[in-house]
Amino acid sequence: MSTEVSSNAHGEPVKSAGVKPSAPEKMSRESVTIIATLLVATFVVILNETIMNVALQRLMVDLRVDAPTVQWLSTGFMLTMAVVIPTTGFILQSLSTRAVFMLAMGLFAGGTALAAAAPGFELLLLARIIQAGGTAIMLPLLMTTILTLVPVARRGAVMGNVSIAISVAPAMGPTVSGLILEHFTWRFMFVFVLPVALAAFAIGAKYLTNVGETEKAKLDLLSVALTIPAFGGVVYGLSQIGGGAGGQGGPNTMAIVALVIGIACLAVFVFRQLRLQKGEAPLLDLRAFNFRMFTVSVLLMVVAMMALFGGVILLPLYLQEIRGLHSLETGLALLPGGLAMGLLGPVIGRIFDKVGPLPLTVSGSVLMVLALWQFSMLDAGTPVWWIIILHVGLSFGLALLFTPAFTTGLNPLPPHLYSHGSAIMSTTQQVAGAAGTALLVSIFAVVSAASGLVAGMSAAFLTATVIALAAVVLSAMMRKTQGTAPAH
């Protein structure tokens, strides 16, 4: 086993086990096959996240359930993601790449098959929870594999391809489900995804080889137990405060209690991880925050995700409630922005490899602020074509942020922190998305009740603009990082 000397956040030398001293700049065909397989699988599981949103109305009628009940198909999925993702650092270290992939796609494909055949709401909810378990593992697995296999000089370009999965897939979800629901029953949303999931599973089973080395890490059961009230409580509390404010006379008391319990348990969880770092292996290794660029990048991702999720929730509300568009028309109006964000990802990744993060993140954050500010000025007569242009502008700004933030944040980490850094980034994205949605939807609901829908939309987008200003400050702090060379 060879070692490589890199430097830590404080400039001190650190030996990284299992890494060869020099890595070629070209990736092997095997590495390309592994990453391509994981990218396709990740795209499919993330597409599934947003495919349900348009179908909730249909499901209420077909399954004979009310709105708060049917909402659990989305809430339950999000809660499972929030609880499982913090454990992925341990899972990725303990199991081989192949085993983790088979576990993730096995859960996802099994959940999808159960959802397609579910006779009632209870089994459909169980199917969504099983799907979420697989989805939660895929993105950290993809990012950790890229860090392990891809030469430092090419990481930006490859990470740019990840943005196709994390931005085009959610953007296509409502459009795809709108098209399916126009001609078929809701079950076909799962029937449509299942063959692709099974094909990815079969390709992975045949071609996927193990990447890196597994470690015998001890599982801290108290940490695992704490993830449920900590991350689950925070995400549930935030999502229900936002969702329950609309005309119900204020925030939900149960949501506030869940949020308080969640924050308290999260503090205990963090204290537990810091204590475990001194001796035994923590469930989520927070030493990644010792690297300054990782911390700055995570904060930048939090702000960007709050803006992205806020936009994803608020724009459909505006187009449907104020402009009277149908769900399929709404999905088609938002599709160009999602496609632009994903298709620009690889190009931005290649530019990042040449110029570093600073020019890209500063341009992206300024563009994000300008687009959100323009959204705050929408009224009942704003042309739909202008809204589409603004959404493409917002998507372009976010594309300029995502790839540099991912790559700059994860590059300086030593190999033993790859899986933990990926898990931390994925967890904070979930929490930031829930927080952004809760805050902006609550503001929209409160102001709409007093002054009308247009005033509510304007207030919510103005709040998003103020939050986005923090991204401009964080973007200016971004610097090019020297990554550790990958194993081969």
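Counting by relative accessible area, is Phe294 buried or exposed?

Modeller: Happy to! Phe294 is buried, with a relative accessible area of 0%. Here buried means under 20% relative accessible area, exposed means over 50%, and partly exposed lies in between, using a 1.4 Å probe and protein chains only. Before going on, a word on the basis: this is a predicted model, where local features need pLDDT of at least 70 and side-chain atom pairs count only at pLDDT 80 or more, while totals for chains, interfaces and linings use all residues. Residues are numbered from 1 along each chain as its sequence is written, and side-chain values use heavy atoms, leaving out hydrogens and water.

Now the rings. Those of Phe, Tyr and Trp (the six-membered one) pair if their centres lie within 6.5 Å; planes under 30 degrees apart count as stacked, over 60 as edge-to-face and the rest as tilted. By this rule there are seven aromatic pairs. In one of them, Trp186 and Phe190 have ring centres 6.5 Å apart and planes at 85 degrees, so the pair is edge-to-face. Trp186 is buried at 3% relative accessibility, and Phe190 is buried at 0%. Your residue belongs to another pair: the ring centres of Phe289 and Phe294 are 5.3 Å apart and the planes stand at 70 degrees, so this pair is edge-to-face.

On to the helices, which are DSSP runs (H or I, at least four residues; strands are E, at least two), numbered from the N terminus. The axes of H1 (residues 29–51) and H6 (residues 97–117) come within 11 Å and cross at roughly 30 degrees; axes are lines fitted to C-alpha atoms over the stretch in contact, and angles run from 0 to 180 degrees between N-to-C directions. On the H1 side, the contact (heavy atoms within 4.5 Å) is made by Thr37, Leu38, Ala41, Val44, Val45 and Asn48, and on the H6 side by Phe101, Met105 and Phe108.

Finally, two helix residues. Leu123 lies in H7 (residues 121–149) and is partly exposed at 33%. Beyond its neighbours within four places in sequence, Leu123 is in contact with Leu114 and Ala118. Ile389, in H15 (residues 384–410), is partly exposed at 45%. Its C-alpha atom is separated by 9.8 Å from that of Ala333, 56 residues apart along the chain.
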